[in-house]
Structure formats: C-alpha cells, structure tokens
Amino acid sequence: MPMLARVYSCAVIGLDGVVVEVEVDYGQGLPKMSIVGLPDEAVKESRERVFSAIKNAGLSYPRKPLTVNLAPASVRKEGPSFDLPIALGVLVTEELVAPEALESALVVGELSLDGTVRHVRGVLAMAALARQEGYRRLFVPAADAAEAALIPDLEVIPVDSLAALYAHLVGESIIAPALAADIPTNTPLFSRIDFSEIKGQEHVKRALEVAAAGGHNVLLSGPPGAGKTLLARAITSILPRLSLDEALEVTRIYSICDMLPMETPLIQQRPFRSPHHTISHAGLVGGGNQPHPGEISLAHRGVLFLDELPEFGQRILEVLRQPIEDKVVTISRANGSLTFPANFMLIGAMNPCPCGYYGDNMRQCTCAPSVITNYQKRISGPLLDRIDIHVHVPRVDFQKLSSQRQGEPSSVIQARVEAARSRQTQRFTGTRLVSNADMTPAEIRLYCPLDEACTSLMKTAMKQLQLTARGYHRVLKLARTIADLAGDSAISTTHLAEALQYRARERDS
Ligand SMILES: Nc1ncnc2c1ncn2[C@@H]1O[C@H](COP(=O)(O)OP(=O)(O)O)[C@@H](O)[C@H]1O
Ligand SMILES: [Mg+2]
C-alpha cells in the first residue's frame with residue numbers, strides 16, 4: 001500500500017530557522033518527480049541528485065511518479081539542503097524506512113550523486129530552531145555536526161552518506177550522536193595582532209584602550225604607512241572576550257553566510273571586518289533577493305574598520321547612521337522586513353589630506369588649504385558625531401621601529417578593559433545601557449556629575465577650544481570611561497584633561 005511520507009526539515013530566513021514539512025506522495029503514470037512549494041533552481045535539481053543517490057546507495061527507486069511538496073508554500077526554499085529529507089521521504093513511501101524512525105527529528109543535508117552527504121550552511125540556526133520547537137534529534141551532514149552540537153539538549157546525528165543513514169534508521173548500524181565535547185578549540189578566523197608587536201605609538205594604543213573600555217568609535221588620522229591599519233587590526237585583541245551567547249550569535253551569522261570554516265564550529269574571537277570603499281550598499285548593510293547579512297552584521301560584536309574613510313562617499317556612510325544608533329539593521333523586502341544584528345565598534349582611518357602628509361613632521365604636504373578642508377568635509381557631521389575618539393597617528397621614527405623593546409602585551413590591556421567594562425555593567429544594571437558610549441545627554445548628566453574643579457575646567461575648555469554641545473558630551477562620556485579604567489568612581493580633572501585630547505581637531509561639529 002503506497003503511502004504519503006512526511007519528513008521535517010528546515011529553511012533559514014534571515015537569521016532564523018523555519019520548519020519545512022517535506023511531503024512525498026505517489027501518483028499514477030510515468031516515473032518522474034515534481035517538486036512544488038516555492039523551490040528555487042537548486043531545490044528543483046534535487047530530483048537528479050536524489051534519484052542517483054538512492055540508486056548508488058543500493059536502494060530501489062520507485063517506478064512511479066512522485067510529488068514532493070515543501071510546506072509552508074509561503075517560505076521560499078533555497079539551496080540543496082532539502083535533498084536528504086526528500087530522499088528519506090522517498091524511502092518512507094517505498095516502505096524501506098519506517099516513519100517512526102524519523103519521529104521528532106529534523107533532517108538537512110545536500111546529496112552528491114554517489115550518495116555522500118555534503119555540508120550545508122546555517123546549521124547552527126537550524127539546531128537552535130530544532131530545540132526551540134521541541135524536536136529531539138537533528139540529522140545533519142557529518143561536516144556540520146560539531147556546529148549543531150553547540151546547542152544543548154538536542155541529539156545531533158552526523159550523517160556521512162545516505163547508505164549510512166539508511167543503515168542507522170533500520171537499525172543495522174547505529175551512528176553515535178555528536179558530542180559537544182568534540183568541538184576542537186578555536187582555530188583563529190581573524191588574524192590576531194598583539195599590541196606588544198606595535199612599536200611606539202603609545203598615545204594611540206592608549207586611545208584604543210579607552211575606546212575598547214567604553215565601546216567608543218574611533219577615527220585614526222595620519223600619513224600613509226604610519227600604522228593605522230595595523231593599530232586598528234590589533235584592537236580586537238584587547239576587546240573584552242566574547243561570552244558564549246555572543247559567540248553563538250556571531251557563529252550563527254557566519255554559518256548562514258557560509259563563512260564558517262570546517263575546523264571552527266564556534267567563533268570565539270571578535271570579528272574584524274574591513275570592507276573596501278567600493279563596496280555596494282547591500283554588501284555593507286545587507287540585502288539582496290534572499291536578504292543576506294552585510295559587512296556590518298559580519299562585524300557584529302566586533303570591529304567594522306573603514307580604511308580610507310573619505311573614499312566611501314557620503315551616500316554609503318549615511319546608511320551607517322541608523323545601524324550605529326540602533327545596533328541592528330532592518331531590511332525591507334516584498335513580504336515584510338528582516339532585522340539583522342549589527343552591534344559593532346566603528347574604526348575609521350584616513351589620511352589627513354589627499355596627498356597624505358598634512359601635519360607630517362618629515363614630509364611637506366602639497367595640498368592647497370581649500371583642498372584639505374574639502375577632503376575632511378567628505379565625512380558628514382552626523383557620522384563624525386558618532387565617533388567619540390579622534391586620534392592622530394604620526395609616523396614612528398626608525399629608531400623606535402627597530403628597537404627590540406617589547407610593548408605591553410594585549411592580554412594585560414584586555415584585563416584592564418574587562419575590569420572597566422564590569423564597572424559599567426554594575427553602574428548600568430536595570431538600564432538599557434551597555435557601555436559608556438551608549439549614554440544620551442540626559443544619561444550623561446545623571447552618570448557623569450562634575451565637581452567644582454571639573455566644571456570650571458570644562459567651562460574654560462568650551463571657550464578656548466570652541467567645543468560644541470556635542471563635543472562637550474563626548475568629552476564627558478570619555479572622561480567616564482577613563483575614570484572607569486582607573487577604577488575611580490568620580491570623574492576628576494585628570495580624566496577630563498585626557499578626554500579633551502581625543503576631541504576632533506580640524507572641525508568639531
Ligand atoms: N608602530 C609600528 N610597529 C611595527 N610595525 C609598524 C608600525 N607602524 C607601521 N608598521 C608597519 O608598517 C607597515 C605600514 O603600516 P600600515 O598599518 O599599513 O600603515 P597605514 O595604514 O597607516 O598606511 C605595515 O607593514 C606595518 O606592519
Ligand atoms: Mg592603511
């Protein structure tokens with residue numbers, strides 16, 4: 001008696017998994033398979049792969065027409081990850097596999113013609129869905145098992161081939177579940193530069209420490225070869241370590257973008273992304289037909305480094321404002337909108353002028369003053385407003401570069417940063433605030449009270465340095481972070497004096 005088979009699988013929309021029911025049913029007539037339910041081209045090609053994989057597993061393929069329905073029909077089905085559930089559906093209709101064997105299970109996997117099961121992207125999101133929806137087990141490609149096993153309380157069965165899965169389901173040869181303990185520890189995905197490798201530049205390193213401690217955005221300005229890129233890259237080594245929840249958030253994004261290396265099932269480092277200034281709007285913020293996360297989401301919980309900031313152009317920098325503010329990006333599409341996380345630290349780098357040597361102590365700048373002003377104006381005021389720390393990076397002289405003296409290692413700086421962060425966590429318990437950089441003017445008034453000496457220093461500074469109201473608030477936020485680094489509960493004139501160093505020079509908006 002031919003039967004309707006139902007196998008449960010999973011699609012990914014945005015960053016979330018959605019359960020997809022794969023129904024396989026017999027019809028009358030010539031043997032062929034039709035797939036319905038909004039499949040894309042890759043899904044339609046499942047027919048060939050499933051047919052061939054079943055034959056090559058030494059199993060019988062029905063000599064009748066089959067209809068495969070992927071439900072709900074409203075969800076667009078993308079990619080080849082439905083091969084394995086479709087193949088299992090066929091085996092169930094053939095009564096080769098009992099439906100009970102797949103009870104409470106989700107199945108994903110791409111098949112190759114010989115029946116090998118291949119890696120699919122987005123497995124972490126699928127495993128999270130499986131657990132959330134109360135499924136007990138998840139059949140995944142063996143290559144993705146360690147990633148799926150990051151989700152606790154879910155039996156993850158690593159599948160090498162259709163034949164091996166068949167043997168497991170009929171009880172011939174049981175596959176052992178993947179264990180979370182099998183996770184190899186961390187092959188670094190982003191190159192790690194230690195602060196001790198950077199010679200000199202003590203004031204820049206200090207500025208980066210303050211930035212890391214308070215979650216402040218940074219603009220590095222200096223001539224070519226001064227070490228801006230090097231310094232920006234190094235900052236991830238002093239940022240607070242990722243919590244497990246944060247690591248899972250980051251891993252899920254990389255898995256969905258298919259950027260998770262096989263040997264790194266869990267990303268335990270803060271990301272560092274450095275898109276080129278020719279990047280498209282969708283590449284930067286996310287988007288596309290089936291919306292994919294962009295660079296700002298790949299930088300989630302880490303650093304977005306925009307080298308040669310003025311080259312990005314006003315339009316693209318403008319779209320960064322909303323995500324910098326909201327820490328998420330919303331992408332609208334035909335049927336509703338999608339939200340991707342985008343909580344990153346922005347580091348910009350720029351030459352001070354088109355020739356690069358304005359303000360350099362060794363080489364003469366060849367730019368006309370008006371050209372310099374125009375160059376710096378390419379970065380809009382509203383974006384600059386969101387950058388608390390502006391720091392000049394001079395070229396280091398040869399003597400310092402060639403010195404053997406080792407700077408302070410990143411691990412020591414990171415410990416100070418983490419201590420400063422925990423002071424902030426304590427202070428901000430029960431509020432929406434995470435770090436000092438998030439404070440609004442009202443919150444600054446609340447959390448950054450100034451004593452008499454500080455008030456008079458700020459009064460003088462505002463007059464002499466022509467600080468704007470925005471500039472004033474930035475200085476207070478930074479002073480708060482500097483006090484946190486020092487372990488002081490009150491802001492002092494020393495903290496303020498340092499904070500004033502990081503203000504925007506040429507044009508404070
Ligand atoms: N302070 C420094 N200590 C060690 N190496 C440095 C330092 N500054 C620059 N370098 C090296 O000089 C080269 C140019 O630095 P880079 O960061 O690309 O400069 P920029 O981005 O400012 O143009 C790199 O190879 C970098 O490793
Ligand atoms: Mg550079």
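Let's start with a pair of helices. The crossing of α7 and α17 is right-handed. This is a predicted model, so keep that in mind throughout. Two packed helices are described by the angle between their axes and the distance between the axes. Here are both values. Helix α7 covers residues 202-214, and helix α17 covers residues 410-427. They pack at an angle of about 35°. Their axes are 8 Å apart.

Which residues of α7 and α17 make the contact? From α7 come Glu209, Ala212, Ala213 and Gly214. From α17 come Ile413, Arg416, Val417, Ala420, Arg421 and Gln424. Sort the residues of this contact by type, and you get five nonpolar, two polar and three charged.

Thr481 sits in helix α20, residues 469-486. Is Thr481 buried or exposed? Its relative accessibility is 0%, so Thr481 counts as buried. What is Thr481 in contact with, once neighbours within four places in sequence are left aside? The list is Val210, Ala213, Gly214, His216 and Asn436. Ala213 and Gly214 are also in the contact of α7 with α17.

Now step back to the whole chain. There are 21 helices and 18 strands. The C-alpha trace spans about 90 × 50 × 45 Å along its principal axes. The chain has 509 residues, and buried residues make up 53% of them. Take the contacts with a separation of 6 or more. Of these, 73% are between residues 24 or more positions apart.

Next, the domains. The domain assignment gives domain 1, residues 5-182, and domain 2, residues 195-406. How far apart do the C-alpha centres of domain 1 and domain 2 lie? They lie 40 Å apart. The two domains do touch: 18 residues of domain 1 are in contact with 18 residues of domain 2.

The largest nonpolar core has 65 residues. Ile296, Leu320 and Phe344 have the most contacts inside this core. Which helix gives the most to this core? Helix α4, residues 123-132, does, with eight residues. Where does the core lie? Domain 1 and domain 2 both give residues to the core, so it lies between them.

Zoom in on Ile296. Leave out residues up to four places away in sequence. Ile296 then touches Leu284, Val285, Leu304, Leu320, Pro323, Val329, Pro341, Ala342 and Phe344.

Now two single residues. Val43 is in helix α1, residues 41-44. Its relative accessible area is 0%, so Val43 is buried. Again leave out residues up to four places away in sequence. Val43 touches Ile35, Leu70, Lys77, Glu78, Gly79 and Phe82. Now compare sequence with space. Val43 and Ser81 are 38 residues apart in sequence. In space they are 7.9 Å apart, C-alpha to C-alpha.

Leu59 is the other one. Leu59 is found in a loop, between α2 (46-56) and β4 (66-71). Why does Leu59 count as buried? Its relative accessibility is 12%, and the cut-off for buried is under 20%, so Leu59 falls inside it. With neighbours within four places set aside, Leu59 is in contact with Ile54, Leu91, Leu96 and Tyr166. Leu59 and Leu96 are 37 residues apart in sequence and 8.5 Å apart in space, C-alpha to C-alpha.

Last topic: the backbone. Most residues other than glycine have a negative phi, and most peptide bonds are trans. Here are some exceptions. Which kind of peptide bond joins Ala71 and Pro72? A cis bond, with omega of about 5°. Pro72 is in the loop between β4 and α3 (83-93).

Glu95 has a phi near 60°, a positive value, and Glu95 is not a glycine. Glu95 lies in the loop between α3 and β5 (105-107). Ser104 is not a glycine either, and its phi is positive, about 55°. Where is Ser104? In the loop between α3 and β5.

Note on methods:
Residues are numbered from 1 along each chain as its sequence is written. Chains are lettered from A and ligands numbered from 1 in the order in which they are written. This is a predicted model: local features need pLDDT of at least 70, side-chain atom pairs count only at pLDDT 80 or more; totals for chains, interfaces and linings use all residues. Side-chain values use heavy atoms; hydrogens and water are left out. A nonpolar core is a set of buried Ala, Val, Leu, Ile, Met, Phe, Trp, Tyr and Cys residues joined through side-chain atoms within 4.5 Å. Buried means under 20% relative accessible area, exposed over 50%, partly exposed in between (1.4 Å probe, protein chains only). Helices (H or I, at least four residues) and strands (E, at least two) are DSSP runs, numbered from the N terminus. Domain bounds come from an automatic or database domain assignment. Contact means heavy atoms within 4.5 Å. Axes are lines fitted to C-alpha atoms, for helices over the stretch in contact, and angles run from 0 to 180 degrees between N-to-C directions. A crossing is left-handed if the near helix is turned anticlockwise from the far one by less than a right angle, and right-handed if clockwise. Ala, Val, Leu, Ile, Met, Phe, Trp, Tyr, Cys and Pro count as nonpolar, Asp, Glu, Lys and Arg as charged, and the others, Gly among them, as polar.
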